[in-house]
Amino acid sequence: MSLPPLLQNRLSIPVIGSPLFIISNPDLVIAQCKAGVVGSFPALNARPIEVLEEWLIRITEELDAYNQANPDKPAAPFAVNQIVHKSNNRLMQDVELCAKYKVPITITSLGAVEAVNDAMHAAGGIVIHDVINNRFAKKAIEKGADGVIAVATGAGGHAGVLNPIALIQEIREWFDGLVLLGGSIATGDAVLAAQAMGADLAYVGSAFIATKEANASEGYKQGIVDCNADDIVYTNLFTGIHGNYLKPSIAAAGMDPDNLPVSEPSAMNFGSGGNTDAKAWKDIWGCGQGISAVKEVPTSGELVERLIKEYNAAKARVLAA
């Protein structure tokens with residue numbers, strides 16, 4: 001399918017940078033958008049709620065100024081992630097602010113609520129919902145989402161267990177709208193592979209953690225550079241929802257990453273760290289399986305340049321085959 005109008009001729013490569021809890025901030029989002037990929041951040045990263053309005057003003061004004069100065073190569077639009085879960089008591093306040101500043105793209109997670117979709121549609125935006133299986137994808141579209149993000153096995157943070165080929169194939173059997181694929185995508189080759197499977201855009205997260213603009217500790221960034229897929233642990237211990245985390249951060253919190261207990265399903269919990277004082281996301285570092293492609297800590301613009309070069313080279317190889 002063709003991309004929604006707000007994305008057409010705005011991307012240097014078909015990529016949305018996924019919202020990273022704690023890590024995504026205005027510096028990262030603005031740099032991503034200027035480099036030609038959609039930058040995003042979770043609304044809950046802006047605390048207290050007054051900070052969210054400050055962030056929206058800054059991002060909107062800086063991107064508007066950039067677009068006026070670069071009319072032939074405007075920045076990509078930005079997105080805000082809303083955690084649509086009963087534990088988020090800020091949800092509708094955050095949505096109202098995002099509607100006020102006409103946020104172009106809303107990414108919803110952990111639930112689909114028609115009121116959120118309606119509010120952002122009324123503000124002229126689109127809504128895409130992240131899902132881990134075909135059943136959740138159907139529910140999201142039924143409730144008014146414009147597209148879905150298929151979060152496959154190997155994705156950083158909260159992730160599913162389905163193979164990306166199977167997940168995309170099932171969604172494409174009935175849906176010809178906007179589909180993203182996330183999970184272990186950290187190279188331009190993987191972006192092209194996502195499109196070959198049937199996705200319109202790739203959803204890239206962990207590689208952006210190890211960039212200069214990201215609000216992650218130097219240890220976290222270096223951990224991504226040093227580690228590979230064997231260093232990723234899939235567990236529900238830390239939030240009650242299964243996700244992927246860097247093994248060294250679990251060990252540093254005093255736990256055996258190879259012998260973690262299983263948590264009972266629970267409400268979303270950002271503060272649990274098992275039987276230690278470690279905090280999920282802050283001390284226990286979310287990360288996907290694609291990180292072996294990350295060899296350094298570049299700027300976001302430099303990372304996007306690498307992805308573009310790899311993407312174009314992969315296309316050339318396919319055409320030459």
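In which sense do β10 and strand β11 pair, and over how many bridges? They pair in the antiparallel sense, over four bridges. The model is predicted.

**The eight-stranded sheet**

- Eight strands form an open sheet with parallel pairing, in the order β1-β9-β8-β6-β5-β4-β3-β2.
- β1 (15–17) and β2 (39–42) stand at the edges with a single partner strand each, so one side of each has no neighbour in the sheet.
- From one strand to the next, the twist averages 25°.
- Strand β8 covers residues 178–182 and strand β9 covers residues 201–204. The two pair in the parallel sense over three bridges.
- Within that pair, Leu181 stands opposite Ala202 in β9.

**The three-stranded sheet**

- A further open sheet has three strands in the order β7-β11-β10. Its pairing is antiparallel.
- β7 and β10 (232–235) are the edge strands, and each pairs on one side only.
- Strand β11 spans residues 243–246. In β11, Tyr245 is the bridge partner of Val233.

**Helices across the strands**

- Helix α1 (residues 26–35) lies across β1, β2 and β3 (78–83).
- Helix α4 (residues 114–122) lies across β4 (105–109) and β5 (126–131). Its direction is about 145° to that of β5.

**Packing of α1 with α11**

- Two packed helices are described by the angle between their axes and by the distance between the axes.
- For α1 and helix α11 (residues 300–320), the axes come within 8 Å and cross at roughly 35°.
- The crossing of α1 past α11 is right-handed.
- On the α1 side, the contact involves Leu28, Ala31, Gln32 and Ala35. On the α11 side, Ser300, Gly301 and Val304 meet them.
- By class, this contact has four nonpolar residues, three polar residues and no charged ones.

**The largest pocket**

- The volume of the largest pocket is about 1000 Å³.
- Its lining counts 50 residues. Closest to the centre are Ser109, Asp130, Gly156, Gly157 and His158.
- Which elements give two or more residues to the lining of the largest pocket? They are β3, β5, α5 (134–142), β7 (157–158), β9 and α8 (206–209).

**Backbone details**

- Most residues other than glycine have a negative phi, and most peptide bonds are trans.
- Asn9 is not a glycine, yet has a positive phi of about 60°. Asn9 lies in the segment before β1.
- The peptide bond from Arg47 to Pro48 is cis, with omega near -5°. Pro48 sits in the loop between β2 and α2 (49–69).

Definitions and conventions. Residues are numbered from 1 along each chain as its sequence is written. This is a predicted model: local features need pLDDT of at least 70, side-chain atom pairs count only at pLDDT 80 or more; totals for chains, interfaces and linings use all residues. Side-chain values use heavy atoms; hydrogens and water are left out. Two strands pair if DSSP finds at least two bridges between them. Axes are lines fitted to C-alpha atoms, for helices over the stretch in contact, and angles run from 0 to 180 degrees between N-to-C directions. Contact means heavy atoms within 4.5 Å. On a 1 Å grid over the protein atoms alone, a cavity is a set of points where a 1.4 Å probe fits but cannot get out, and a pocket is an open set with protein on both sides within 12 Å along at least five of seven lines; lining residues have an atom within 4 Å of a point. Grid points are joined across faces, edges and corners, and a volume is the space filled by probe spheres set on the points. A crossing is left-handed if the near helix is turned anticlockwise from the far one by less than a right angle, and right-handed if clockwise. Ala, Val, Leu, Ile, Met, Phe, Trp, Tyr, Cys and Pro count as nonpolar, Asp, Glu, Lys and Arg as charged, and the others, Gly among them, as polar.
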